[in-house]
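Welcome to a short tour of a protein model.

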Amino acid sequence: MSSRLFAMIEKEAQRQQENIELIASENFVSEEVLRVLGSCLTNKYAEGYPTRRTSGNKGRYYGGCECVDEIEEYCCDMWRKVFHTDYHVNVQPHSGSNANLAAYFSVLKPGDTILAMDLNNGGHLTHGSSVNFSGKLYHMEFYNVTADGCIDYDDVRRKAERCRPQLILAGASAYSRRLDFAAFAHIAKSVGAYFMVDMAHIAGLVAAGDHPSPFGLADIITTTTHKTLRGPRGGLIFCKQELAKKVDSAVFPGSQGGPLMHVIAAKAVAAEEACSEAFAAYIHQVVKNSSAMCQEFIRLGYDVVTGGTDNHLFLIDLTKTGLTGKQVQEALDQRHITLNKNCVPGETRSPQQTSGVRIGTAAMTTKGYVEEDFIRVAREIDRCIKDLQAAV
Ligand SMILES: *Cc1c(COP(=O)(O)O)cnc(C)c1O
């Protein structure tokens, strides 16, 4: 490696060490996850699935897979253990987006209708944004949120009855309230739609019992492994056993080639960690920290979307400050506080500007922050916003 490249990586390591990281989708993995990501497993091609798996797959397409077979099977077993489930699991998706792509492929045809949450209301790009494959390949319908930003379950039902979707999707990237999976499942059943949950953000909370579990209710569940689950970057798909074959073939050969065996092994490390008491305690603290910081912003007079949080994140609506999300994000960058601008429900600005910022507590809780640390950071952000208001 050139010293130039080494220096670039060192600079990022230092940034991660020194900055206050509030991006809700980020976290810091353990040394063991890092070590396994850098292991020799990256050298191995293993298209296909471990031979012993029961989804009717044809095994691997390459020789020499006996070691990685064992690793992938162990990884699957461990993730089922994390969520106390007998669902089928596919651990090969390279990312959350790839997991969603394969999940859609498994049960939908192009042109089918998906009922999901709009990006502006907290949904993800892969939930039907017009610039994403999901919005180009499927007919999208979106359910609304109420005036305070909470999911409008009456609207979910009305829209489902009107548009008769093949799939109803619950899950979000910027939604601070508990999702009522039972209500979604009930509506999906009543219109004969598949019910899919994308728990990318809240999966760590589900694992620790701090958010209701979608297992037993959803037909398909996707997640990332790198957000609150604190594992390597990647995706997972869980499904009811009867969809196992469809899901597996939608991942490979449907949408991916060779699996990333080093990442799959690192996912197994993350699953082992997620089964521990220490992880549950960590997630409880993440939620307590989020609540404490959110309360402090409310006390300081800020508008929090939905008026609070039940999970690891919340959104501040900056409209009444006269500032954009972009301005606040950039000003905080100067003070070594990292967060991201975010659309708010009823957004009037472009996604490049936005009227809000999203704040999450998963990463800094990993670094040992407790409630009083987050309250201190909230006050620092408040000072920054006030300085910015005085300057413009
Ligand atoms: C982060 C996220 C994804 C996508 O994950 P990538 O690994 O970035 O592709 C999908 N769905 C939701 C709800 C997310 O928050």
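C75 is buried, because its relative accessible area is 0% (buried means under 20% relative accessible area, exposed over 50%, and partly exposed in between, with a 1.4 Å probe and protein chains only). You can find C75 in helix α3; helices (H or I, at least four residues) and strands (E, at least two) are DSSP runs, numbered from the N terminus. From C75 to F297 there are 222 residues in sequence, and 40 Å in space from C-alpha to C-alpha.

Before going further, note that this is a predicted model, in which local features need pLDDT of at least 70, side-chain atom pairs count only at pLDDT 80 or more, and totals for chains, interfaces and linings use all residues. Residues are numbered from 1 along each chain as its sequence is written, and side-chain values use heavy atoms, with hydrogens and water left out.

**Around the ligand**

Now turn to the ligand. There are 14 residues around it, and G96, S97, S173, D198 and K227 come nearest (a residue is near a molecule or strand if one of its heavy atoms lies within 4 Å of it). Helix α4, residues 96–107, gives the most to this shell, with 3 residues. Sorted by class, the shell has 2 nonpolar, 10 polar and 2 charged residues. Here Ala, Val, Leu, Ile, Met, Phe, Trp, Tyr, Cys and Pro count as nonpolar, Asp, Glu, Lys and Arg as charged, and the others, Gly among them, as polar.

**Empty space inside**

Rolling a probe the size of a water molecule over the atoms shows where empty space is left. On a 1 Å grid over the protein atoms alone, a cavity is a set of points where a 1.4 Å probe fits but cannot get out, and lining residues have an atom within 4 Å of a point. Grid points are joined across faces, edges and corners, and a volume is the space filled by probe spheres set on the points. By this rule there are 2 cavities of 30 Å³ or more.

The largest cavity holds about 70 Å³ of space. Its lining includes G171, R177, H201 and N311, and by class that lining divides into 5 nonpolar, 4 polar and 1 charged. The second largest cavity has a volume of about 50 Å³. Among the residues that line the second largest cavity are N121, G149, V305 and P345, and its lining has 5 nonpolar, 4 polar and no charged residues. Y175 is in the lining of the largest cavity and also in that of the second largest cavity.

**Backbone details**

Most residues other than glycine have a negative phi, and most peptide bonds are trans. H84, which is not a glycine, has a positive phi of about 50 degrees. H84 sits in the loop between α3 and β2 and is exposed, because its relative accessible area is 70%. R230 is not a glycine either, and has a positive phi of about 60 degrees. R230 belongs to the loop between β7 (220–224) and β8 (235–239); at 18% relative accessibility, R230 counts as buried.

What kind of peptide bond joins F252 and P253? The bond is cis, with omega at about 5 degrees, and P253 lies in the loop between α9 (244–251) and α10 (261–274).

**A loop residue and a strand residue**

T85 is found in the loop between α3 (66–82) and β2 (88–90). T85 is buried, with a relative accessible area of 12%, and a polar atom of its side chain lies 2.9 Å from the backbone nitrogen of Y87. K341, in strand β12 (residues 340–342), is partly exposed at 25% relative accessible area.

Key:
1 Å grid on protein atoms, 1.4 Å probe; cavity = no way out; pocket = protein on both sides within 12 Å on 5 of 7 lines; lining within 4 Å. Polar contact = N/O pair within 3.5 Å; in protein donor to acceptor, adjacent residues only side chain to side chain.
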